[in-house]
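Good morning, colleagues. Please look at the model on the screen while I go through several of its elements in turn.

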Amino acid sequence: MHPRDQTIFALSSGRPPSAIAIVRVSGAEAGLVLARLAGGLPKPRLAHRVLLRDVAGQAIDDAVVLWFPGPASATGEDVAEFHVHGGRAVLSALFAAISAIQNLRAADPGEFTRRAFENGKLDLTAAEGLDDLIHADTDRQRRQALRQLQGLLGERARDWRERIIEASALIEAGIDFSDEGDVSAELLAPARAKIKALHDEIAKVLAAQGKAERLRDGLVVAIAGPPNVGKSTLINQLARREVAIVSPHAGTTRDVIEVQLDLDGYPVIVIDTAGIRETDDPVEQEGVRRARARAADADLVLWLADADRSEESRPAGTAPVWTVRNKVDLDEQALRSEANKVKGPDPRARMFAISARRGDGLPELIRALVEFAAEFFGTSEGALVTRARQRDLLSQAAGSLERSLALFGEGEEIAAEELRAAAYALGRLLGRVDVEDVLGAIFQKFCIGK
């Protein structure tokens with residue numbers, strides 16, 4: 001039996017032990033599994049409390065079960081759910097009982113969602129939204145992913161594709177009546193208007209995407225500076241836990257340490273790097289090299305310096321660099337006078353005075369980071385396009401529409417071909433044509449049981 005025809009099962013809730021665990025079964029044998037373990041099929045879509053038993057009649061658990069006959073289910077197939085106590089022994093016994101039934105196997109990562117996609121329960125943009133929702137760390141990421149899961153981009157893409165097909169029909173009819181000038185012109189004029197409106201709509205969506213793709217990954221902030229200026233202390237303060245070793249000895253931090261923060265709903269990745277200095281230690285040299293590389297790739301650099309105002313070895317790159325004078329508690333008057341100054345022509349090149357040890361000045365620094373994140377992500381929260389794949393395919397569709405417009409009056413046959421290319425790109429966006437090469441890359445990132 002082909003793997004896609006087999007019935008699959010998996011734990012669809014968090015890792016055990018837990019109060020309740022959900023085990024999901026999808027496929028042709030889902031009803032048989034439920035009947036054997038629960039003693040019969042319950043009414044569809046109603047929760048039933050039963051005593052689960054294995055094939056030998058041994059009790060497994062006092063559980064709640066649900067039955068979703070296909071196609072009215074999440075995957076479009078017959079689906080059974082077992083809500084059991086979340087102990088490892090309970091799950092082990094339940095999995096053993098399910099595995100004892102023929103034509104069942106453990107699900108691969110993302111296989112439930114892939115079957116839902118293949119059975120027309122959701123398009124590829126919604127599947128990508130579900131993946132983003134599962135991995136959302138902040139409220140803004142959650143809201144963006146939920147819009148994708150609700151199919152906002154998919155609905156627009158389906159509407160665009162239908163309108164392209166309508167315009168193509170008009171052009172084809174105009175070509176058929178090309179020897180009748182009045183009829184041909186009456187057909188081609190509305191076709192051109194439709195294509196122009198479509199091109200403008202797609203171009204507007206692409207222009208408004210802002211940093212939506214980056215909202216999925218987060219704003220990267222690198223803490224850099226000479227050794228022993230308090231970089232690790234600062235990242236511990238921002239994370240509100242000890243993620244980096246703090247030591248009075250220079251060169252303690254050798255590798256890059258990353259912490260994910262939620263700043264007012266914005267995802268921010270703060271990086272603690274090795275102290276930048278000249279050294280003969282080969283391990284520390286590698287740490288310095290990595291520190292320079294990560295600072296150069298960051299979206300914002302916090303250059304940490306203490307009372308000696310070390311400016312040497314500041315990182316190169318296009319990212320804004322904020323100077324953060326640490327250890328204000330040691331020279332409070334001198335350093336506070338320079339706090340929050342604008343430095344140079346770029347208003348984002350600010351200066352702060354803090355005490356990473358005591359927490360002085362940190363609220364002001366965090367507030368500035370939130371403001372920077374808001375400016376960085378811009379209007380991304382309302383954008384429809386959240387992935388490079390989506391942007392590339394929409395750009396291809398817009399390019400084909402633009403070329404089609406340019407061909408009116410010169411070659412309607414080629415214009416019609418460009419419209420077919422635009423419709424094909426939107427079909428790939430939805431996952432309805434020739435996307436086998438991207439399905440594995442998308443669904444293998446899902447967790448098992450989803």
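I shall speak about a sheet, the helix packed on it, and then two further helices and a loop.

Please bear in mind that this is a predicted model.

Let me begin with the sheet. It is open, has six strands in the order E8-E9-E7-E10-E11-E12, and its pairing is mixed. Strand E8, residues 257-263, and strand E12, residues 351-353, form the edges, each pairing on one side only. On average, neighbouring strands are turned by 25 degrees against each other, if direction is ignored.

Within this sheet, strand E7, residues 219-224, runs parallel to strand E9, residues 266-272, and five bridges join the two. As one example, Val220 has Ile269 in E9 as its bridge partner. Helix H9 packs on the sheet, where it touches E7, E8, E9 and strand E10, residues 300-305. The direction of H9 makes about 155 degrees with that of E9.

H9 spans residues 231-239 and contains Ser232. What does UniProt list for Ser232? An unreviewed UniProt entry lists Ser232, together with Thr253, under "binding site". Is Ser232 buried or exposed? Its relative accessible area is 9%, and because buried means under 20%, Ser232 counts as buried.

I turn now to helix H5, residues 139-149. Its buried residues include Arg140, Gln141, Gln144, Ala145, Arg147 and Gln148. Where do the buried residues lie around the helix? Viewed down the axis of H5, they fall within an arc of 155 degrees, and therefore they line one face of the helix. As a general point, an α-helix has 3.6 residues a turn, so residues three or four places apart point the same way. Just after H5 comes Gly151, with a positive phi of about 85 degrees.

H13 covers residues 388-406, which is 19 residues. From its first C-alpha to its last it reaches 27 Å, close to the 27 Å expected at 1.5 Å a residue. Among the buried residues of H13 are Arg389, Gln390, Leu393, Leu394, Ala397 and Leu401.

The loop between helix H12, residues 362-377, and H13 holds Gly378. Gly378 has a relative accessibility of 45% and so counts as partly exposed. Along the chain, Gly378 and Ala208 are 170 residues apart, while their C-alpha atoms are separated by 9.7 Å.

Thank you for your attention.

Notes. Residues numbered from 1 in each chain as written. Predicted model: local features only at pLDDT ≥ 70, side-chain atom pairs only at ≥ 80, totals over all residues. Heavy atoms only, no water. UniProt positions renumbered as here; feature names shortened; annotations may be inferred. Helix = DSSP H or I, 4+ residues; strand = E, 2+ residues; numbered from the N terminus. Buried < 20%, exposed > 50% of the residue type's maximum accessible area, 1.4 Å probe, protein only. Arc of directions from axis to C-beta. Pairing = 2+ DSSP bridges. Axes fitted to C-alpha atoms, helices over the stretch in contact; angles between N-to-C directions. Contact = heavy atoms within 4.5 Å. Expected span 1.5 Å × (residues − 1).
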